[in-house]
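Student: Please take a close look at one part of this model, the packing of its helices, and describe it in a connected account.

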Amino acid sequence: MAINVKGRVKILDGKAYVHPLTITELEFLLTVLADAKYKLEEVPRILEVTKKLQSEYKLIKEHSKE
């Protein structure tokens with residue numbers, strides 16, 4: 001369970017968590033990554049970064065409801 005302490009600060013499993021990006025900013029970054037063209041050698045890195053952003057997006061989205 002997350003507890004909203006002050007603004008965007010959340011307490012998750014007894015630890016304070018402050019994400020530097022808003023949901024809107026994460027959505028923007030994911031859209032830019034999805035729409036951009038890449039060189040073949042960049043694809044593995046782009047996929048890695050995209051997965052991390054998606055994970056953070058899901059975490060923030062889940063805990064912003066509480």
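Tutor: The account below goes from the chain as a whole to the helix pair and its core. This is a predicted model, in which local features need pLDDT of at least 70, side-chain atom pairs count only at pLDDT 80 or more, and totals for chains, interfaces and linings use all residues. Residues are numbered from 1 along each chain as its sequence is written, and side-chain values use heavy atoms, with hydrogens and water left out.

The protein chain has two helices and three strands, in the order β-β-β-α-α from the N terminus; helices (H or I, at least four residues) and strands (E, at least two) are DSSP runs. The axes of H1 and H2, lines fitted to C-alpha atoms over the stretch in contact with angles from 0 to 180 degrees between N-to-C directions, come within 10 Å and cross at roughly 155°. The two helices are therefore roughly antiparallel (over 145 degrees). Their contact (heavy atoms within 4.5 Å) is made by residues including Glu27 and Leu29 of H1 and Val49, Thr50 and Lys61 of H2. The residues of this contact divide into 10 nonpolar (Ala, Val, Leu, Ile, Met, Phe, Trp, Tyr, Cys and Pro), three polar and three charged (Asp, Glu, Lys and Arg), with the others, Gly among them, counted as polar.

The largest nonpolar core has eight residues: Ile23, Leu26, Leu30, Leu33, Ile46, Leu53, Tyr57 and Ile60. Helix H1 (23-35) and helix H2 (43-64) are the elements that give two or more residues to this core. Such a core is a set of buried (under 20% relative accessible area, 1.4 Å probe, protein chains only) Ala, Val, Leu, Ile, Met, Phe, Trp, Tyr and Cys residues joined through side-chain atoms within 4.5 Å. Not counting residues up to four places away in sequence, Leu53 touches Leu26, Leu29, Leu30 and Leu33.

Key
Buried means under 20% relative accessible area, exposed over 50%, partly exposed in between (1.4 Å probe, protein chains only). Angles under 35 degrees count as roughly parallel, over 145 as roughly antiparallel, 65 to 115 as roughly perpendicular and the rest as oblique.
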